Amino acid sequence: MLKPKELLIKIIKYIPEITKEEWDAKECILKMKGEGYRNWRQTEWVGFYLEFLTERTNVPGVAQFKLFVGNTSFNGCAGQNIIDYKTSSDNEDIILNDQEAIQRVVKKYKELGYIIIQGKVEKEKGKELDDWRKEFTGKSKYVLEGEKSGRFHRRLKTKFYPTRIVYVAITKENIGRLKQFNQGKNSDGKPRNPKYILPKKILKEFTKAELDIFQFKKKKITVS
């Protein structure tokens with residue numbers, strides 16, 4: 001079984017797009033759309049672009065499959081550990097998965113390992129990216145209702161600049177330190193189940209390995 005740091009090195013080696021200095025929203029969305037990726041329409045494109053990259057690459061030591069727990073899916077496993085990929089801003093708490101799903105995975109398996117790409121984010125000034133997206137995606141019932149009611153527009157991310165990759169371990173011993181995140185509604189108007197949040201102030205305590213992406217590229221670290 002790969003150690004956490006070895007796993008991170010292999011992921012970067014076999015998915016070099018992760019270390020690209022800039023992820024551009026339009027470029028990434030069009031790439032996902034062009035290759036028929038099912039989630040190319042999602043507004044939270046950064047996280048789905050990472051999933052898109054990982055689903056299309058075989059990384060030695062990582063079994064690529066979908067573990068479904070209720071309506072939640074996890075991305076695969078490394079040895080005895082279930083893993084999942086996430087992205088996050090450097091300065092924000094990290095939103096994980098459905099609370100109940102995480103509890104069930106941690107109860108059954110040795111560890112739930114989150115591989116998190118952290119970075120800096122730029123957002124649209126108004127609605128320019130959202131308007132561009134809708135030329136391709138159209139407007140859902142939820143969006144149309146929001147326009148009628150004057151619902152607040154949440155500015156979308158236009159750029160993502162990866163800075164580091166982190167392996168975070170969720171276990172029976174530390175799961176109680178996670179916080180609850182109450183979501184809003186799905187696009188169909190139905191309420192979402194609460195998720196867990198890993199507060200940034202205790203991230204280090206959950207971290208088993210991390211790599212600075214810029215330093216990694218400079219040193220050209222390799223693994224067989």
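I take partly exposed to mean a relative accessible area between the buried limit, under 20%, and the exposed limit, over 50%. With that I open Glu210: its 32% relative accessibility makes it partly exposed. The model is predicted.

**Entry 1, Glu210.** I looked for a charged partner and found Lys204, in a salt bridge at 2.8 Å, N to O. Lys204 itself is exposed, at 58%.

I counted 17 salt bridges. I then followed one network, made of Arg38, Glu51, Glu55 and Lys66. Glu55 meets Arg38 at 2.7 Å, N to O. Glu55 is in helix α3 and Arg38 in the loop between α2 and α3, 17 residues apart. Glu55 is partly exposed, at 24%. Next I checked Lys66, which pairs with Glu51 with the closest N and O atoms 3.0 Å apart. Lys66 lies in strand β2 and Glu51 in helix α3, so this pair ties together parts 15 residues apart in sequence. Which of these two is buried? Glu51 is, at 14%; Lys66 is partly exposed, at 27%.

I checked cover along residues 45-55 and found 8 of the 11 residues buried. Among them are Trp45, Tyr49, Phe52 and Glu51.

I searched the whole structure for disulfides and got 0.

I found Pro4 in helix α1, partly exposed at 23%. Leaving out residues up to four places away in sequence, Pro4 touches Tyr167, Lys208 and Ala209. Its C-alpha atom is 9.4 Å from that of Ala169, 165 residues away along the chain.

How values were computed: Residues numbered from 1 in each chain as written. Predicted model: local features only at pLDDT ≥ 70, side-chain atom pairs only at ≥ 80, totals over all residues. Heavy atoms only, no water. Buried < 20%, exposed > 50% of the residue type's maximum accessible area, 1.4 Å probe, protein only. Helix = DSSP H or I, 4+ residues; strand = E, 2+ residues; numbered from the N terminus. Contact = heavy atoms within 4.5 Å. Disulfide = S-S within 2.5 Å. Salt bridge = Lys/Arg side-chain N within 4 Å of Asp/Glu carboxyl O.
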